[in-house]
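The exercises below ask you to read one protein chain from its parts to its details. Try each task on the structure before turning to the worked solution.

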Amino acid sequence: MRYAKLALPEGPVYVSVEEREGLLWAAGPLRAPEEDRSALAPEAVAFQPRPLHSFSLLPPVEPSKIVCVGRNYRDHAIELGSQIPKEPLIFLKPPSSLLAPEGTVRMPANSKRIDFEGELAIVIGRRCRRLDAQEDVKPYIRGYTLVNDVTARDLQKSDEQWTRGKGFDTFCPAGPLVSDEIDPAYGAPVTVTTCLNGERRQTGSTADFLFSIPALLRYITAFMTLLPGDLIPTGTPAGVGPMQAGDLVEVAIEGLGILRNRLAAE
Ligand code: MG
């Protein structure tokens, strides 16, 4: 199942997404996930299927928290001159940083370097706490989406705490859809790519994760309860770099579409 969240004139609505002749289509309205009370009921919408790109999209998630993983690819840790972590490195982005596909990232005036970080993100489907080593994590995963973990690199470094450098409004573009048709948690790695103004800057396989998806979920749920809708960006591959006003960033994984966002001064 693949789904997206549309901004219709009547209000937000979830729709199933299908591929037709190489294009993603919004096929029909769906009941909203339990945690999203903002969305319309499917029967409240008069809906005609159309290509997904002809609609205005919303982030397809309504997380209580965004739990991010830092330095989960060895090459990225090395490019930033950082230690290879011995345990997962976890930080939070606030849900207020979420931005829709095609939305504009606003560059805060007090940062001189704002980087893209293309990432695969897990969407939680079931409340989970203290997952143990034997437990299959799959029943807790609703699906996957794309995130750009936008980072004010200078503030991240000067603050030491990452909250401000990672947490500005618009610093978490997410979408365009959620899919459970890929399985990077168990044996089917996916390739994350990021393009800046059409030029490929990042390519990384989830086969190169320092910590696997089951290991990440066990580590996080050992200290934090995850709720349906929670979003877990899994770290970025090597090749991060700065963006300027007017730039176009595209994060892609086969099966998850392309997350496109432009930048503009605040
Ligand atoms: Mg990141």
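Predicted model: local features only at pLDDT ≥ 70, side-chain atom pairs only at ≥ 80, totals over all residues.

## Exercise 1: the contact between the domains

**Task.** Find the two domains of the chain, and describe the area buried between domain 1 and domain 2.

**Solution.** First, the domain assignment of the chain places domain 1 at 2-58 and domain 2 at 66-265. The C-alpha centres of the two domains lie 24 Å apart, and 11 residues of domain 1 are in contact with 13 residues of domain 2, contact being taken as heavy atoms within 4.5 Å.

Next, the area buried between domain 1 and domain 2 comes to about 980 Å², with carbon and sulfur atoms giving 55% of it. Of the area that domain 1 buries against domain 2, 58% is supplied by R2, Y3 and L57, which is more than any other three residues supply.

Finally, the polar side of the contact can be counted: there are 4 residue pairs in polar contact between domain 1 and domain 2, both residues being at pLDDT 80 or more. On the side of domain 1 that touches domain 2, the elements giving two or more residues are strand 1 (2-8) and strand 5 (57-58), and strand 1 contributes the largest share, 3 residues. The residues on this side of domain 1 divide into 8 nonpolar, no polar and 3 charged.

## Exercise 2: a salt bridge across the sequence

**Task.** Which residue forms a salt bridge with R2, and which parts does the pair tie together?

**Solution.** Begin with the totals: the structure holds 19 salt bridges, and the count between domain 1 and domain 2 is 2. The partner of R2 is E181, and the closest N and O atoms of the pair are 3.4 Å apart, a distance to be judged against the cut-off of 4 Å. Because R2 lies in strand 1 and E181 in the loop between strand 14 (172-179) and strand 15 (191-196), the pair ties together parts that are 179 residues apart in sequence.

## Exercise 3: backbone details

**Task.** Where is P176 placed, and what is the phi of E160?

**Solution.** P176 has its place in strand 14, and the peptide bond that joins G175 and P176 is cis, with omega about 5 degrees. E160, although not a glycine, has a positive phi of about 70 degrees; this residue is found in the loop between helix 2 (153-159) and helix 3 (163-167).

Notes: Residues numbered from 1 in each chain as written. Heavy atoms only, no water. Domains from an automatic or database assignment. Buried area = accessible area lost by both parts, 1.4 Å probe. Salt bridge = Lys/Arg side-chain N within 4 Å of Asp/Glu carboxyl O. Polar contact = N/O pair within 3.5 Å; in protein donor to acceptor, adjacent residues only side chain to side chain. Helix = DSSP H or I, 4+ residues; strand = E, 2+ residues; numbered from the N terminus. Nonpolar A, V, L, I, M, F, W, Y, C, P; charged D, E, K, R; others polar.
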